[in-house]
Amino acid sequence: MKFLVCISNVPDTTTKISFTPDNKEFNKAGVQFVINPWDEYALTRAIELKEANAGSTVTVLNVGEADTEPNIRKALAIGADDAIRVNAAPQDAFFVAEQIAAVAKDGGYDVILMGKESIDYNGFQVHGMVGELLGIPTVAPAMKLDMAGTTATLEREIEGGKEIVEVSAPFVASCQQPMCEPRIPNMRGIMTARTKPLKVVPAVGDAARTQVAEFALPPKKQGVKLIDAANAGELIKLLRNEAKVI
Amino acid sequence: MSVLVVVECAEGEVKKSSLEVATYGAQVAAMLGTTATAIAVGEATEANLAKLGEQGIAKVLYDAEPRLKDFVNNAYTKLIATAAEQEGAQVLVLANSNIGASVGSRLSVRLKASLATNVVELPKTDGGQFVVKRGAFSGKAFSDVVLSGDRKIIAVKKNSLEAKHDAGKTAEVVAFAAQLADADFADAPKQVVMQEQTGGVLLPEAELVVSGGRGMKGPENWHLIEELAQALHAGTACSKPVSDVDWRPHHEHVGQTGITISPNLYIACGISGAIQHLAGVNSSKVIVVINKDPEAPFFKAADYGIVGDVFDVLPKLTAAVKELN
Ligand SMILES: Cc1cc2nc3c(=O)[nH]c(=O)nc-3n(C[C@H](O)[C@H](O)[C@H](O)COP(=O)(O)OP(=O)(O)OC[C@H]3O[C@@H](n4cnc5c(N)ncnc54)[C@H](O)[C@@H]3O)c2cc1C
Ligand SMILES: Cc1cc2nc3c(=O)[nH]c(=O)nc-3n(C[C@H](O)[C@H](O)[C@H](O)COP(=O)(O)OP(=O)(O)OC[C@H]3O[C@@H](n4cnc5c(N)ncnc54)[C@H](O)[C@@H]3O)c2cc1C
């Protein structure tokens, strides 16, 4: 089984978000980038399935410029076998999906795993675009993934419950908790990651279909109104008469 | 040229988020000088579909194929694509739900459309551009996005606008057959398992939410959360560590790595307000924080707060709600 795991390079979850003065770009100054937290589920589950199925391989894929390589190396240290970086600044989700689909087709991958969504652009859309570009099923978001031969059994979250879905490879799944316990690199992993192959390939495909015109921060909160604990019932009156939400 | 709205139904009813989507679609249609048609998916009744007129929908297409009752990604995609072609839809509007995201992303490729998910406002169309505002950076920012394709697909975030109710207006319900083949159902679910929801309120659809963190001390104390939720007719949620140790099920976990909600009211009980937690709830309209530590970071993001012990405060709040009702 050939697993392809797509990882996005995103600002650390504690980042204070700010933009360039023209509000057209995210301000990267001083920001630490990490592997998108959801993608860690995809990566670890792929490695677990590889370990359970002799002869399998895990390739990580990122669409990004050279500054994403530390996180690609981190994925290799966690246990992926090799990596591909499509050398381009991602423009929009469709552009990224085209790159992933092209790599997947070229390499004949059986299982394409990604995170539920990126925590920066929150698109939750690359999964379906890749599946449609390749004409294969997508399961999003998946909470569980088991494989028996080329048949996968997945749990897909739906509002209020879950569906048990069976698909045969090739397919795309976008992963979320509680699929597995994401692994962190160990010393041996970090050492071996240095010499694992990382291939850089050029971008393909059409122009983006969306453009960010401007970013904005949410309006500031007024500040908290405190109610005395002894008089807690007062809060309920304020919620009805002042905030008008109940 | 028209606007096509995807309406999700369950157990005969149109979901609340889809009433919002229908309202959004009808308003976009009005902006573009056309009408809005809906395509219904899931289990619906004709009477409830006709009521979509109240949200401004002129016509509702419904395919009564029984296998469409449960969500099937390929079949839903083909059904909606067929409807979009038939109606000459230029704009497609759906909910930013798991179903909406699954089919919307496939449709964007099939229909060669520009897709924007997590959209929070009606589009702006001045200057010949079609611009939507969407949430980004996990609730920490917004972005205005230009949809430059001829066709556009918009996934509307829940609770971003209020559903309109023009009492008495009805939509025409028209039978629709997408001629789906067995192969379109190859990825049909083998089984659908619905979870028990507190008081029957589905968290992603809830207008009011009561949520508990580690400060609740253990699952045996959750009745305090549930009692307040029931009195308010609210959904229940929790922080990540709470679901990690199985005090509560995973589908209640909100935050950066859980679900994102934007209810009218979010009451956080014994939750510190870590940045990753806030990412899932900071677009709630009103936030109430109950925490015994006055320095808890959550107070900075709150509208109302009580510095106090949840075990003392929660019963008082439940009693006050019951009194008010
Ligand atoms: C410098 C820069 C500028 C950008 N400018 C824009 C812009 O103008 N407009 C815009 O829409 N976006 C822009 N992006 C965001 C980028 O295009 C996103 O990666 C893309 O939009 C997908 O994000 P999403 O939230 O839609 O993905 P989602 O659908 O939420 O992502 C789901 C999964 O897809 C995979 N994935 C996502 N992105 C990548 C990737 N790059 N490589 C490999 N796998 C990936 C991951 O597994 C992820 O969990 C920019 C990013 C950078 C770094
Ligand atoms: C990559 C990443 C992703 C994450 N994703 C998420 C996520 O999606 N969602 C999420 O929630 N967290 C997430 N976290 C974890 C997050 O950082 C916090 O650890 C977590 O939110 C803390 O949960 P808590 O507030 O319940 O517990 P704590 O931080 O332990 O807070 C408990 C609070 O209860 C108060 N308290 C205690 N006893 C009482 C009492 N009797 N009465 C009143 N108050 C009391 C305390 O003062 C304290 O403020 C993530 C972390 C990382 C690194």
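Me: What makes Ile112(A) a residue in contact with Leu4(A), Cys6(A) and Ile100(A)?

Reply: In this predicted model, contact requires heavy atoms within 4.5 Å. Leaving aside neighbours within four places in sequence, Ile112(A) is in contact with Leu4(A), Cys6(A), Ile100(A), Ala104(A), Leu134(A), Ile136(A), Phe171(A), Val172(A) and Ala173(A).

Me: Which residues touch the most other members of the largest nonpolar core, and what makes a set of residues such a core?

Reply: A nonpolar core consists of buried residues of types such as Ala, Ile and Cys, joined through side-chain atoms within 4.5 Å. The largest has 56 residues, of which Ile100(A), Ile112(A) and Ile39(B) touch the most other members. Helix α3 (residues 93-107) of chain A gives the most to this core, namely eight residues. A separate, second core holds 36 residues, including Ala46(A), Leu76(A), Val167(A) and Cys180(A).

Me: Why is strand β1 (residues 2-14) of chain B called largely enclosed by the rest of the structure?

Reply: A residue is buried when its relative accessible area is under 20%. Of the 13 residues of β1(B), 10 are buried, and the strand is therefore largely enclosed.

Me: How do you know that β1(B) pairs with strand β2 (residues 36-44) of chain B?

Reply: Pairing requires at least two bridges. β1(B) and β2(B) share eight, in the parallel sense, and Val5(B) stands opposite Ala38(B).

Me: What joins β1(B) to strand β4 (residues 89-95) of chain B?

Reply: Four bridges join these two strands, which run parallel. Given that pairing needs at least two bridges, β1(B) and β4(B) with their four bridges count as paired. Here Val3(B) stands opposite Val91(B).

Conventions: Residues are numbered from 1 along each chain as its sequence is written. Chains are lettered from A and ligands numbered from 1 in the order in which they are written. This is a predicted model: local features need pLDDT of at least 70, side-chain atom pairs count only at pLDDT 80 or more; totals for chains, interfaces and linings use all residues. Side-chain values use heavy atoms; hydrogens and water are left out. Buried means under 20% relative accessible area, exposed over 50%, partly exposed in between (1.4 Å probe, protein chains only).
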